[in-house]
Amino acid sequence: MNVSVLGAGAWGITIAQALADNKHNVAIYDVNKDFIDSINNGTHPFFTENKIENIKGLYTLKEALDFANYIVICVPTKYTRGLLKEVNTLLTNEKVFINVSKGIEPDTSKCVREIVYDEIDKKYIRGYASLSGPSHAEELIQRKLTLLVSASENKEIAKEVQLLFANGEYLRVYTSSDVIGCEIGGAIKNAIAIVSGVLTGVGLGENARAALISRGILEIERVVVAMGGKKETAYGLTGMGDLIVTASSYNSRNFKAGIAIGKGESAADAEKNSVQTVEGIRAIEAAYQIGKKHNIELPIINAAYSVVYENVDPIKAIKGVLSRELKAE
Ligand SMILES: NC(=O)c1ccc[n+]([C@@H]2O[C@H](COP(=O)([O-])OP(=O)(O)OC[C@H]3O[C@@H](n4cnc5c(N)ncnc54)[C@H](O)[C@@H]3O)[C@@H](O)[C@H]2O)c1
């Protein structure tokens, strides 16, 4: 198959490598020309110890779209709409769109599926799938065992994308029909991962982190269900699985940004100081707005919102959550 990956950052190059390992013809495009130069020279600035092979770096979006029938979207969500508007003006035939990014659009609180259907003319969409799950680029690029979920409302497309990515070596892929559940879970876990970092930043330990993960997944479930996803998806690879891997790892930029915030940095500075996009900061706002709109109880998200957007001291916010009325689990 011919596949083009849009976005050649940490995850884009990692996904491209997995596709190349599966013997697909793989092209990758990025607005950052230095990344493309580097890829064409057999390396990537984020993974200098890895050899990049059999991936064609392209300098224009048009070339990338003309090259493939499968288009993988891998840019931070704040850029997705702009990119897709441009994609729509350049398309000449139908494609399968595969989203591998995790986030909610700032301002609209829309997930990538909705942005694709907003911006791409229906006649150019043969199918849409979202590929998500517990996955650090730093591990998958080294071909370390990873499990993902290919979610599409169309069973055949979910299967097609499963077969595109899965290999018997290090990447196992399941299918799901719950696109909303997978995309919302993947986005909101970044919000909880920031909180996990904050707890570490203020000096709390593993007891607090385990408690946060257990209570945080409940909030993810509530948001998933409010948005029309399935409760059980929140407890699968794309929800609980991804939360575990993100909320406790120094590979996670969200966890690291949370630590900086816990140590007193502002959220804006923590975001600015991260080389890569910290999607969780926007996810906190999106989850907070969804909670208000649907009148759902999200004490952790609300406390995170107060710290990130209202400059409330993290210790005060934690005390606020703890001082709520005592109740049964
Ligand atoms: N890094 C991971 O381990 C990982 C794992 C799973 C999912 N994700 C998700 O994948 C998405 C991308 O993450 P990343 O780690 O690759 O981020 P990154 O910051 O490393 O890379 C993003 C890339 O997108 C490019 N870009 C921005 N706008 C563009 C446009 N209009 N056209 C083409 N390229 C454009 C940037 O130049 C950059 O190279 C995020 O939503 C993230 O949550 C990341």
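Colleague: By class, how many nonpolar, polar and charged residues does the shell around the ligand have?

Modeller: This is a predicted model, where local features need pLDDT of at least 70, side-chain atom pairs count only at pLDDT 80 or more, and totals for chains, interfaces and linings use all residues. Residues are numbered from 1 along each chain as its sequence is written, and side-chain values use heavy atoms, with hydrogens and water left out. The shell has 13 nonpolar, 9 polar and 4 charged residues; Asp, Glu, Lys and Arg count as charged, Ala, Val, Leu, Ile, Met, Phe, Trp, Tyr, Cys and Pro as nonpolar, and the others, Gly among them, as polar.

Colleague: Which residues are the closest to the ligand?

Modeller: A residue is near a molecule if one of its heavy atoms lies within 4 Å of it. Here 26 residues surround the ligand, and the closest are Trp11, Asp30, Ala137, Arg253 and Glu279.

Colleague: And which N or O atoms lie 2.8 Å from an oxygen atom of the ligand?

Modeller: Look for polar contacts, pairs of N or O atoms within 3.5 Å. A backbone N or O atom of Trp11 is 2.8 Å from a ligand oxygen, and Ala137 also places a backbone N or O atom 2.8 Å from a ligand oxygen. Asp30 uses its side chain instead, with an N or O atom 2.6 Å from an oxygen of the ligand.

Colleague: Which domains supply the shell?

Modeller: Domain bounds come from an automatic or database assignment. Domain 1 (2-177) and domain 2 (180-322) each give at least three residues.

Methods
Polar contact = N/O pair within 3.5 Å; in protein donor to acceptor, adjacent residues only side chain to side chain.
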